[in-house]
Amino acid sequence: MVVFGGFLAVMGLATLIFRHGDVVGASPVGIGVVLLVLGAAVAGLGVVRRVVGRRRRAARGEPEPVGNVIERAQALPRLIRAARSGAYPGLPKSRLALWLFALLYLVSPIDVLPDLLPIIGVADDAGVAVWLFSSVSTAAGLYLRHERDRAKRPYL
């Protein structure tokens, strides 16, 4: 949500700075301000949601994802192999199917909101991409945590 909110805010700022003509019959200043405020609100809500979620997970004793972006990217093939073989129950097959569907949606020329619509047409693709990257990153981080915990306790 934070990234998507930042994206909306940047789109609003770019509309304020670079757009001079009407956007679908509306003032570019009005659209830019709305996108900027909406982006800031979504980013703020994302930060609050992240902090509250982290506290809840810590209170329940759930593990936090580990690893940087490169380590998580390197762990992704191992994660997918382990999930498909059933060796890692932390990633349901339905999540893999959702990832595949999101990838197909991103590369498909058919969109729910056509890209020809200014700003909004790209926003649905951006939302799907942000969800996909954050979901994959979190799952890979949790898988790295699982691998590291198993390395510490080899008898399991």
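A salt bridge is taken here as a side-chain nitrogen of Lys or Arg within 4 Å of a carboxyl oxygen of Asp or Glu. By this rule the count comes to three salt bridges. The model is predicted, so local features need pLDDT of at least 70 and side-chain atom pairs count only at pLDDT 80 or more, while totals for chains, interfaces and linings use all residues. Residues are numbered from 1 along each chain as its sequence is written, and side-chain values use heavy atoms, with hydrogens and water left out.

| Pair | N to O distance |
|---|---|
| Arg54 and Glu64 | 3.8 Å |
| Arg148 and Glu71 | 3.4 Å |
| Glu147 and Arg78 | 2.9 Å |

Helices are DSSP runs of H or I with at least four residues, strands are runs of E with at least two, and both are numbered from the N terminus. Accessibility is given as relative accessible area with a 1.4 Å probe and protein chains only: buried means under 20%, exposed over 50%, and partly exposed in between.

The side chains of Arg54 and Glu64 form a salt bridge. Because Arg54 belongs to helix α2 (residues 28-60) and Glu64 to the loop between α2 and α3 (69-85), this pair ties together parts that are 10 residues apart in sequence. Arg54 is partly exposed, at 44% relative accessible area, and Glu64 is also partly exposed, at 24%.

A salt bridge also joins Arg148 to Glu71. Arg148 is in helix α5 and Glu71 in helix α3, so the contact ties together parts that are 77 residues apart in sequence. Relative accessibility is 36% for Arg148, which counts as partly exposed; for Glu71, likewise partly exposed, the relative accessible area is 29%.

Glu147 and Arg78 form a further salt bridge. This pair links distant parts of the chain, with Glu147 in helix α5 and Arg78 in helix α3, 69 residues apart. Glu147 is partly exposed because its relative accessibility is 22%, and Arg78 is partly exposed at 30%.

Helix α5 (residues 120-152) also contains Asp124. With a relative accessible area of 15%, Asp124 is buried. The side chain of Asp124 makes a polar contact with the side chain of Tyr105 at 2.4 Å. A polar contact is a pair of N or O atoms within 3.5 Å; within protein, one must be able to donate a hydrogen and the other to accept it, and residues adjacent in sequence count only if both atoms are side-chain atoms.
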